[in-house]
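The following briefing concerns the structure shown below.

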Amino acid sequence: MAAPATLPDKLEQRIKACTACHARQEGQDAFFPRIAGKPAGYLYNQLINFRDGRRQYPMMTYMVEHLPDAYLREIAEYFAEQHPTPPPAQPSNASAAVLARGKQLLQQGDSSKKIPACITCHGAQLAGVAPAIPGLLGLPRDYINAQFGAWKNGVRRAQAPDCMAQIAERLSNEDVGAISAWLGTQVASAATRPATSIALPLPLHCGSVPGSTAKAKP
């Protein structure tokens, strides 16, 4: 009887539990976000948040609840180095007014609601900023909407002060829909990478972003 095959003990083999959902080519599944190419610090923070209960998703908690920090960082660094072809634009039936509102919030913000422009933190190309700010392009609309809902409902949290939770509270449901609709129409260049720096301090103090102390209390 032949001996059972021995699988190679390599990271690529061990993270197949991750790529079963977060496939390398990552389309636009409403439930599983695009993680390839995001800054390693951001991915590491999210794995820690799932493990420590700041984010709630049973499958992810089960996967990481017993993993040490060093291994989670190794996984994060692996995915940060992957750069598959960006997904195409998502079909949209949003009106011109809705798309214009989404573009305004992303590029200019809304001072009347104390909402900073998304590009202020996520980078001019919305590709994220190393080490800890994620890119926004290529995420499914339903996923974006769900994450804002999770922040509003306290299901998703980050290290305090949680700047995204503050912003989510200031956005109406219509604003969230406009943001996700406009983002869905945008396609990143294949050469787009997270920025390596951004103007500091950020508009809001974010506990997960080093050196982000706000210029003034919002």
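Helices (H or I, at least four residues) and strands (E, at least two) are DSSP runs, numbered from the N terminus. By that numbering, K114 is placed in the loop between α6 and α7. The model is a predicted one, in which local features need pLDDT of at least 70 and side-chain atom pairs count only at pLDDT 80 or more, while totals for chains, interfaces and linings use all residues. Residues are numbered from 1 along each chain as its sequence is written, and side-chain values use heavy atoms, with hydrogens and water left out.

**Backbone geometry in the loops**

- K114 is not a glycine, yet it has a positive phi of about 60°.
- K114 counts as exposed because its relative accessibility is 52%.
- L126 also is not a glycine and has a positive phi, of about 55°. This residue is found in the loop between α7 and α8, and L126 is buried, because its relative accessible area is 5%.
- The loop between α7 and α8 also holds P131. The peptide bond that leads from A130 to P131 is cis, with omega near 10°.
- A cis peptide bond also joins A160 to P161, with omega near -5°. P161 is placed in the loop between α8 and α9.
- Q186 belongs to the segment after α10 and is partly exposed, with a relative accessible area of 26%.

**Salt bridges**

- A salt bridge is a side-chain nitrogen of Lys or Arg within 4 Å of a carboxyl oxygen of Asp or Glu. Six of them are present in the structure.
- R51 and D69 form a salt bridge through their side chains, at 2.7 Å from N to O. The pair links distant parts of the chain, with R51 in helix α3 (residues 40–52) and D69 in helix α5 (residues 69–80), 18 residues apart.
- Both partners are partly exposed: R51 has 22% relative accessibility, and D69 has a relative accessible area of 36%.
- The side chains of R54 and D52 form another salt bridge, at 3.9 Å from N to O. D52 is partly exposed, with a relative accessible area of 44%.
- Salt bridges link R51, D52, R54 and D69 in a network.
- D175 and R101 form a salt bridge in which the closest N and O atoms are 3.0 Å apart. D175 lies in helix α10 (residues 173–184) and R101 in helix α6 (residues 96–107), so this pair ties together parts that are 74 residues apart in sequence. D175 and R101 are both buried.

**Nonpolar cores**

- A nonpolar core is a set of buried Ala, Val, Leu, Ile, Met, Phe, Trp, Tyr and Cys residues joined through side-chain atoms within 4.5 Å. The largest one has 29 residues, of which L106, L126, F148, L171, I179 and L183 touch the most other members.
- Two or more residues of this core come from each of α6, α7 (118–122), α8 (141–153), α9 (163–170) and α10. Helix α9 gives the largest share, five residues.
- Contact means heavy atoms within 4.5 Å. Leaving aside residues up to four places away in sequence, I179 touches G102, L105, L106, F148 and L171.
- Another core, of 17 residues, lies apart from the largest one and includes L11, I35, I75 and Y78.

**Enclosed space**

- Rolling a probe the size of a water molecule over the atoms shows where empty space is left.
- A cavity is a set of points, on a 1 Å grid over the protein atoms alone, where a 1.4 Å probe fits but cannot get out; lining residues have an atom within 4 Å of a point. Grid points are joined across faces, edges and corners, and a volume is the space filled by probe spheres set on the points.
- The count comes to one cavity of 30 Å³ or more. The largest cavity holds about 320 Å³ of space.
- Its lining consists of 28 residues, of which R34, A36, L137, A188 and T192 lie nearest the centre.
- For classes, Ala, Val, Leu, Ile, Met, Phe, Trp, Tyr, Cys and Pro count as nonpolar, Asp, Glu, Lys and Arg as charged, and the others, Gly among them, as polar. The lining of the largest cavity has 14 nonpolar, eleven polar and three charged residues.

Key:
On a 1 Å grid over the protein atoms alone, a cavity is a set of points where a 1.4 Å probe fits but cannot get out, and a pocket is an open set with protein on both sides within 12 Å along at least five of seven lines; lining residues have an atom within 4 Å of a point. Buried means under 20% relative accessible area, exposed over 50%, partly exposed in between (1.4 Å probe, protein chains only).
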